Amino acid sequence: MSRNQLSTQRRLSALARHLGSPEEEVENPIRITDRTVEVSPTMGFNGHDSVFASIVQAPEDPILGVTVAYNKDQSPVKVNLGVGAYRTEEGKPLVLNVVRRAEQSLVNDRSRVKEYLPITGLADFNRSSAKLIFGANSPAIQEKRVATVQCLSGTGSLRVGSEFLAKHYHQRTIYIPLPTWGNHPKIFGMAGLSVSTYRYYDPATRGLDFQGLLEDLGAAPSGAIVLLHACAHNPTGVDPTLDQWEKIRQLMRSKGLLPFFDSAYQGFASGSLDADAESVRMFVADGGECLAAQSYAKNMGLYGERVGALSIVCKAADVASRVESQLKLVIRPMYSNPPIHGASIVATILNDRELYNEWTIELKAMADRIITMRYQLFDALTARGTPGDWSHIIKQIGMFTFTGLNKEQVAFMTREYHIYMTSDGRISMAGLSSRTVPHLADAIHAAVTGAA
């Protein structure tokens with residue numbers, strides 16, 4: 001035994017005597033040999049069992065799990081319509097040309113460094129994001145009544161906002177539409193808010209249950225938080241008209257309900273950045289307060305960069321300043337500060353007139369391709385004489401279509417046609433192409449008619 005091993009042995013023996021009583025003989029938990037250190041089972045836990053042995057296997061995420069199943073399928077005709085990400089006509093992920101140009105300019109700028117951002121994020125990004133959703137001439141921005149912080153895409157923006165509300169807002173109940181994105185109730189619940197629902201989708205018409213929506217919000221307690229999808233409702237693709245939005249606004253303001261907008265698809269729904277922000281701007285124009293979570297995953301294709309913003313519109317500039325100070329206290333222990341690269345891409349595009357114009361052209365091209373897929377699918381089902389009214393496919397808007405297919409029909413299409421979607425019948429129109437539309441139409445026709 002070497003001198004170092006002897007010294008270690010003596011220290012361990014002294015420690016063992018210290019932890020035990022003088023009268024009892026203490027077994028040395030660690031025995032050192034010439035080549036190894038052996039740990040005795042008396043070392044605080046049974047060496048054969050993990051301290052995490054009782055952990056149960058968690059289920060796959062219902063949305064991301066679709067892709068897991070798709071990846072395991074070896075069929076050459078398989079189609080993934082579950083993931084909420086844009087695909088080209090060739091079925092490939094798309095990096096916008098304007099994004100590549102912005103990235104290249106960032107790489108070429110040798111003065112750029114990789115220092116930490118402030119807790120609130122990149123200032124240029126925050127200013128530009130607020131202008132994008134509220135309008136460049138928004139009085140709320142001009143009067144400095146908006147507190148904007150950079151967050152981790154839409155999910156992070158929602159989480160920071162809900163953590164802030166759980167700590168500082170007098171109402172702890174948030175009303176979310178039924179149905180809504182599957183992550184919404186988890187985000188709000190984990191933040192400490194109580195989650196209730198309001199009617200939104202009418203399965204009979206495959207459209208908006210507007211009367212039910214008004215009744216449920218009318219019965220909500222004064223001051224309750226209400227989650228609103230700014231456009232391209234996920235998963236249904238059903239949006240209120242502008243007239244209906246105005247009635248929603250009047251009802252919510254009359255009851256003092258607090259709007260919390262989730263804006264994940266600005267410009268991606270209709271192809272117009274301004275049109276897709278009308279619902280939000282309507283609520284800001286009346287001088288009232290609201291929250292808005294933004295994501296650049298869809299409209300700039302920056303899925304993996306996790307770029308988003310949370311804005312809180314307040315009644316006065318001094319209130320907005322205090323709100324921002326408290327948002328910092330939410331963010332600091334959560335992730336300290338946001339990443340720099342994705343936000344720099346967005347800020348570069350939004351602050352360069354040429355790049356901004358190029359982005360709007362590419363954005364509209366993506367939106368138009370999705371609209372084209374809607375018409376192609378509708379025409380294919382009509383040509384096959386598929387039972388039922390399928391006009392909702394072209395009436396709905398945005399990335400997703402709520403087909404109306406039930407779980408059994410979805411399972412049949414996956415089993416027999418290798419088409420993957422969420423069990424509620426939601427399909428991503430962005431995952432379709434002219435080549436795969438006939439295959440999907442055949443599968444839907446077979447599922448609806450019961451053909452094998």
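Student: Which residues line the largest cavity?

Tutor: In this predicted model, the lining of the largest cavity consists of L132, S263, Q266, Q294, S295, Y296 and N299. The volume of this cavity is about 30 Å³, and the structure holds one cavity of 30 Å³ or more.

Student: Why is helix α3 called roughly perpendicular to helix α12?

Tutor: The axes of α3 (residues 97–108) and α12 (residues 341–350) cross at roughly 110° and come within 9 Å. Angles of 65 to 115 degrees count as roughly perpendicular, so α3 is roughly perpendicular to α12.

Student: Which residues of α3 and α12 meet?

Tutor: From α3, the residues V98, V99, A102, E103, S105 and L106 meet H341, S344, I345, T348 and I349 of α12. By class, this contact has six nonpolar, four polar and one charged residue.

Student: How do you know that α4 and α10 are roughly perpendicular or roughly parallel to each other?

Tutor: The crossing angle decides. The axes of α4 and α10 (residues 278–285) cross at roughly 95° and come within 8 Å. The range for roughly perpendicular is 65 to 115 degrees, and α4 and α10 are therefore roughly perpendicular to each other.

Student: Where do α4 and α10 meet, residue by residue?

Tutor: K131, L132, I133 and F134 in α4 meet V280, R281 and V284 in α10. The contact of α4 with α10 divides into five nonpolar, no polar and two charged residues. L132 of this contact is also one of the residues that line the largest cavity.

Student: Why is R127 called partly exposed?

Tutor: R127 lies in helix α4 (residues 123–134). Its relative accessibility is 49%. Buried means under 20% and exposed means over 50%, with partly exposed in between, so R127 counts as partly exposed. The C-alpha atoms of R127 and A147 are separated by 9.6 Å, although these residues are 20 apart along the chain.

Student: Which residues of helix α8 are buried, and what do the buried residues of α8 pack against?

Tutor: In α8 (residues 210–218), the buried residues are F210, G212, L213, L214, D216 and L217. The buried residues of α8 pack against the strands β6 (194–199), β8 (207–208) and β9 (225–229), and against helix α9 (242–255).

Student: Why is R306 called partly exposed?

Tutor: R306 has a relative accessible area of 34%. The limits are under 20% for buried and over 50% for exposed, so R306 is partly exposed. R306 sits in the loop between β11 (290–295) and β12 (307–313), and phi of R306 is near 55°, a positive value in a residue other than glycine.

Terms used. Residues numbered from 1 in each chain as written. Predicted model: local features only at pLDDT ≥ 70, side-chain atom pairs only at ≥ 80, totals over all residues. Heavy atoms only, no water. 1 Å grid on protein atoms, 1.4 Å probe; cavity = no way out; pocket = protein on both sides within 12 Å on 5 of 7 lines; lining within 4 Å. Points joined across faces, edges and corners; volume = space filled by probe spheres on them. Axes fitted to C-alpha atoms, helices over the stretch in contact; angles between N-to-C directions. Helix = DSSP H or I, 4+ residues; strand = E, 2+ residues; numbered from the N terminus. Parallel < 35°, antiparallel > 145°, perpendicular 65-115°, else oblique. Contact = heavy atoms within 4.5 Å. Nonpolar A, V, L, I, M, F, W, Y, C, P; charged D, E, K, R; others polar. Buried < 20%, exposed > 50% of the residue type's maximum accessible area, 1.4 Å probe, protein only.
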